[in-house]
There are 2 protein chains.
Amino acid sequence: MSSTESPDAATVFYEQLENLEDEFEEVELELLRQQAKLTKDLYAKRAKVIAQIPSFWPLVFEQAPPDIDEYVQPTDSAVLLSSLVDLSVERFELPDGDPRSIAIKFEFSENEYFENKVLEKKFWWRRNKDGWAGLVSEPVKINWKPGKDLTSGLLDLVYQVWEDDKAGKGDDTEAKKKLKEQMESTGLDGVSFFAWFGFRGLSISEEENKAAVKEEQEKRQARKEGKPVDEDMDEEDDDDEDDDEYEMEIFPTADDLAVCIAEDLWPGAIKYFLTAQELDGQSDISFESDEEMDEDEAAAQPSKKRKA
Amino acid sequence: MSSTESPDAATVFYEQLENLEDEFEEVELELLRQQAKLTKDLYAKRAKVIAQIPSFWPLVFEQAPPDIDEYVQPTDSAVLLSSLVDLSVERFELPDGDPRSIAIKFEFSENEYFENKVLEKKFWWRRNKDGWAGLVSEPVKINWKPGKDLTSGLLDLVYQVWEDDKAGKGDDTEAKKKLKEQMESTGLDGVSFFAWFGFRGLSISEEENKAAVKEEQEKRQARKEGKPVDEDMDEEDDDDEDDDEYEMEIFPTADDLAVCIAEDLWPGAIKYFLTAQELDGQSDISFESDEEMDEDEAAAQPSKKRKA
C-alpha cells in the first residue's frame, strides 16, 4: 500500500480485499456448478450427434485457439487427425466436490503410435499447507509401439519417477537421473503434445488437502469476523520442495492447457468444427462448388481440403 | 460434411449442430444473468474498498493481461497511471435485455491531456438482417487539451464522420476523406488505447435489430421442429457494406478488447492489484524491507517501485 497510509489502514484494506476475493471465489464455484447442471443434458445430446460425424474432433483440433495449437506439433497433429475419435471433459468431483477438478478423456482408433484406445488425464483442484491452490495430476502411461514414442522416452521416465516416488525410493533413482539429464540436454522446446499426459504438479496428499482446506476456511472465517489472521507466514518458505517438483515437469503448463481445453475447446467444439467446414469450402448444406468459396479463405487455406 | 455422406445426412447433422448451438447460447445467457445477479452486491462492496486505495486501477492496468496490455502505449500508460481514478463495467441491458451488452466507464482526475472527467463507452449486442451478431458501439468524443490529442486527430475525425452519417451526408464528406487519407498514410500500428473510444462496428438500427432477432427466433423454432430453414441464404452477400464500415474503423478489435476488460480485467482486478503489490515488494502487511523480497521478482522488476 502507499506509504502515505498507515500500516494499519493498509492491513485493513488488504484484509477487505482478501474477504472480497473469498466471496467472489464462492460465486465462481456456484456458477461452475450451475453451468455443469444446465449443460449436462446438452453435452450428452451433442456427443450423440458428434458420434455420427466423421473427423469431428480432428477438425476441432485443427481450428484450436493458439493457446492449444502452439503445443500440437506436426506429428501430434497427424496422430490426432488419423485416430482421435472422441474427446470428453468431465467435472468429476461434482456434485459434492470441487467443480474445478477436471477429467479429460481422449479416445483413439487403431493407430501406428500407441496401443491405448483411451487416454484419460485427471486434474484435481487441491490446496497445500503453504496456501497454494491449483490443479495437480498424475502421469498417464502411454503404451508406445516400438520406435514410435513421440516424447522420446520422457513420458516413460516421468512415469517411472512417479512409481519410484510412490515406492519411497528417494531422490537418487536411475529414472530421476536419466530424466534430469535428458531434460537438460534436449530442453523442452517442441516437445510433443503427448508429454502433457506426464504432468504431476505439486504433490499434495488427500490428507494434506483436507487439512489445508479446513485451515483456509477457518482463516477466512476469522478474517470475515475481523479477527487477526496469521497471513502469508508459511506462504513464503515453500521454495525448496516446489522448485524440485517443477524441475521434473516435462510439460510445466499442462494445468493451463487443461483449463483451456475444458473452458474453450470443449464448449466451443461445434463453433470450431463449423469454422473448419467453412474453411474447407464445404460449409454450405447445398454443397456448392469451390468457385463460390470466398477468395480470401481459399487463398489462406489452399491445401486444407479434407479427405473423405 | 464428408462426401461419403449423402447431402441429406449432412443437412441433418448440420441442423442438429445448429440446434445445439442455439441451446448452448441460451444457457450461456442464463449463466451471464445469474452471474450478474450473484455478483452485483459484491462489486458494489468492492468499489467502496477500492475507492480508499490510492492508484488501485492504475496498478491493475500495469498488470493487465497481454490481450489488453498490447494496446496500451507508453503515453497511454502514463495518463492512466497519473489520472485514472475509477473503472466500472455494467451489463446495462439487464435485467430484461441482452446480458452481453456492456458499458465500460473510466473516471479521471484532472490531467494534462483531456478535459473529460468521465469517458463511458457502450457496446450493444445486436443482430442484423444478414445473420451477423455481435457488439456495436458509438464513438465517444474526447475533449483534448491543445496539442495533447493522443490519437493525432483520428478520434475527432471518426466522431465527425459519425455525425455526418447521422445527418445523412453521404460518402463524400470532408471528414471521411481526411480520415481515409490519414489511416492510409500512417496506418494503425501503435495507435493510442484512446482510439478504442472511436469504435463503431456495424451500423444496425434498433428496428433492424428487433426484426433480425425476431427472424432468428422463428428460424430457430422452425429448425427445432425439423422444418426446412432458409439457412445462410442472405449471409453470403453482406460484403460490400460491411467492408466499407470496417475501412473507417480506427480500432478494429475494440469489441474484443471490451470483452477482455469486462470478463478478465474487471472481475480479476483484485488479483491484478495484489500482483502489482507483490512485484512492488510491498505485499506483506508487515511491510518487510526489500531484502526479504523474492530475488527473482526483484531481478525481474528492478525499477517498478511505485511512488507513494
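A salt bridge (a side-chain nitrogen of Lys or Arg within 4 Å of a carboxyl oxygen of Asp or Glu) joins the side chains of K117(A) and E110(A), with an N to O distance of 3.4 Å. K117(A) is partly exposed, with a relative accessible area of 41%, and E110(A) is exposed at 57%; here buried means under 20% relative accessible area, exposed over 50%, and partly exposed in between (1.4 Å probe, protein chains only). The model is predicted: local features need pLDDT of at least 70 and side-chain atom pairs count only at pLDDT 80 or more, whereas totals for chains, interfaces and linings use all residues. Side-chain values use heavy atoms, with hydrogens and water left out; residues are numbered from 1 along each chain as its sequence is written, and chains are lettered from A and ligands numbered from 1 in the order in which they are written.

Over all chains, the salt-bridge count comes to 48. Side chains of opposite charge can pair when their charged atoms come close. One such pair is E93(A) with R126(A), at 3.0 Å from N to O. This pair links distant parts of the chain, 33 residues apart: E93(A) lies in the loop between β1 and β2 of chain A, and R126(A) in strand β3 (residues 118-127). Helices (H or I, at least four residues) and strands (E, at least two) are DSSP runs, numbered from the N terminus. E93(A) is buried at 18% relative accessibility, and R126(A) is buried at 8%. In chain B, the side chains of D164(B) and K169(B) form a salt bridge at 3.8 Å, N to O. Of its two partners, D164(B) is buried at 5% relative accessibility, while K169(B) is exposed at 53%. A network of salt bridges in chain A links E18(A), D22(A), E25(A), D98(A), R100(A), R127(A), E216(A), R220(A) and R223(A).

A surface patch of negative charge gathers D67(A), D69(A), E70(A) and D256(A) together with D67(B), D69(B), E70(B) and D256(B). Patches are made of residues with over 30% relative accessible area and no salt bridge, like charges being joined within 9 Å and nonpolar side chains (Val, Leu, Ile, Met, Phe, Trp, Tyr) within 5 Å. Helix α3 (66-69) of chain A and helix α3 (66-69) of chain B each supply at least two residues of the negative patch. D256(B) is placed in helix α9 (residues 254-265) of chain B.

Most residues other than glycine have a negative phi, and most peptide bonds are trans. The peptide bond from L94(A) to P95(A) is cis, with omega near 5°, and P95(A) lies in the loop between β1 (84-90) and β2 (102-108) of chain A. In chain B, the bond from L94(B) to P95(B) is likewise cis, with omega near 5°, and P95(B) is located in the loop between β1 (84-90) and β2 (102-108) of that chain. S55(A), although not a glycine, has a positive phi of about 60°; this serine is found in the loop between α1 (7-50) and α2 (56-62) of chain A and is partly exposed at 29% relative accessible area. For S55(B), phi is positive and near 60°.

In an unreviewed entry, UniProt lists residues 10-37 of chain A as "coiled-coil region"; such annotations may be inferred rather than shown by experiment. Over these residues the model is 100% helix and 0% strand, with the end C-alpha atoms 41 Å apart.

Definitions and conventions:
Accessible areas come from the Shrake-Rupley method with a 1.4 Å probe; for residues, only the protein chains shown count as cover. Lys and Arg count as positive and Asp and Glu as negative; His and the chain ends are not counted. The place of a charge is taken as NZ of Lys, CZ of Arg, CG of Asp or CD of Glu.
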